[in-house]
Amino acid sequence: MATKPLLVSGNVEENPGPGVAEPSCLTVKNIRRQISSVVDWKDLGIELDIDLAKLNEIERNCQGKVGDCRISMIDFWVNSDTSASWNKLAAALEAISQNVKAKDVRELGSKEGTHACSSHNPPPAATPLAARIASTTDVPLGVGKYAEYL
């Protein structure tokens with residue numbers, strides 16, 4: 001039996017090769033893609049059980065910039081809520097009448113079991129730089145001439 005080569009031509013626009021499935025890991029980057037059009041970030045945060053004082057702090061720190069506020073709120077939620085999940089996010093989106101987004105999030109969440117990562121065990125690329133450095137060196141964080149950058 002003859003096999004066909006994967007690439008029929010060298011032109012990647014005509015033959016880009018196999019598609020890469022979107023990862024379903026619960027990371028800020030993946031959530032951001034799903035909720036980029038959600039303007040009511042504070043209402044979403046309330047539905048995710050984030051304290052109003054924390055949401056107000058995020059708003060002050062981001063100077064009211066909706067996109068920055070939304071990302072900071074999601075970052076806080078993913079890193080502080082041990083029960084953070086795609087289903088919880090979908091339920092919060094439904095509660096603020098973002099039903100189409102909620103459906104998309106639920107579909108993505110149904111793929112979650114097919115990947116090796118989870119919200120509290122992200123792949124190394126999703127781990128903050130300081131944590132990766134700390135896990136690979138014996139030098140305590142905050143020590144040395146580059147401490148201000150961590």
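Predicted model: local features only at pLDDT ≥ 70, side-chain atom pairs only at ≥ 80, totals over all residues.
Hi everyone, thanks for coming.

A word on how I'll describe them. Two packed helices are described by the angle between their axes and the distance between those axes. That's the pattern I'll follow for each pair.

Let's begin with H1, residues 28-35, and H4, residues 66-80. Their axes come within 10 Å and cross at roughly 135°. H1 and H4 are therefore oblique to each other, and their crossing is right-handed. Which residues of H1 and H4 meet? On the H1 side we have Val28, Ile31, Arg32 and Ile35. On the H4 side, look for Arg70, Ile71, Ile74, Asp75, Trp77 and Val78. If you sort the residues of this H1 and H4 contact by class, you get seven nonpolar and three charged, with no polar ones.

How many cavities of 30 Å³ or more does the structure hold? The count is one. The largest cavity has a volume of about 40 Å³. Its lining is made by Val28, Ile31, Arg32, Ile35, Arg70, Ile71 and Ile74. H1 and H4 each supply at least two residues of that lining, and H1 gives the most, with four. By class, the lining of the largest cavity has five nonpolar and two charged residues, and no polar ones.

H5 covers residues 86-95. H1 and H5 pack at an angle of about 30°, with their axes 13 Å apart. These two helices, H1 and H5, are therefore roughly parallel to each other, and H1 passes H5 in a right-handed crossing. From H1, the contact uses Asn30, Ile31, Gln34 and Ile35, and from H5 it uses Trp86, Leu89 and Leu93. In this contact of H1 with H5, five residues are nonpolar, two are polar and none is charged.

For the last pair we go back to H4, now with H3, which spans residues 52-61. H3 and H4 pack at an angle of about 140°, and their axes are 9 Å apart. Are H3 and H4 parallel or oblique to each other? They are oblique, and H3 passes H4 in a right-handed crossing. H3 brings Lys54, Leu55, Ile58 and Glu59 to the contact, while H4 brings Cys69, Ser72, Met73 and Phe76. The contact of H3 with H4 has five nonpolar, one polar and two charged residues.

Note on methods
Residues numbered from 1 in each chain as written. Heavy atoms only, no water. Axes fitted to C-alpha atoms, helices over the stretch in contact; angles between N-to-C directions. Parallel < 35°, antiparallel > 145°, perpendicular 65-115°, else oblique. Left-handed = near helix turned anticlockwise from the far one by under 90°. Contact = heavy atoms within 4.5 Å. Nonpolar A, V, L, I, M, F, W, Y, C, P; charged D, E, K, R; others polar. 1 Å grid on protein atoms, 1.4 Å probe; cavity = no way out; pocket = protein on both sides within 12 Å on 5 of 7 lines; lining within 4 Å. Points joined across faces, edges and corners; volume = space filled by probe spheres on them.
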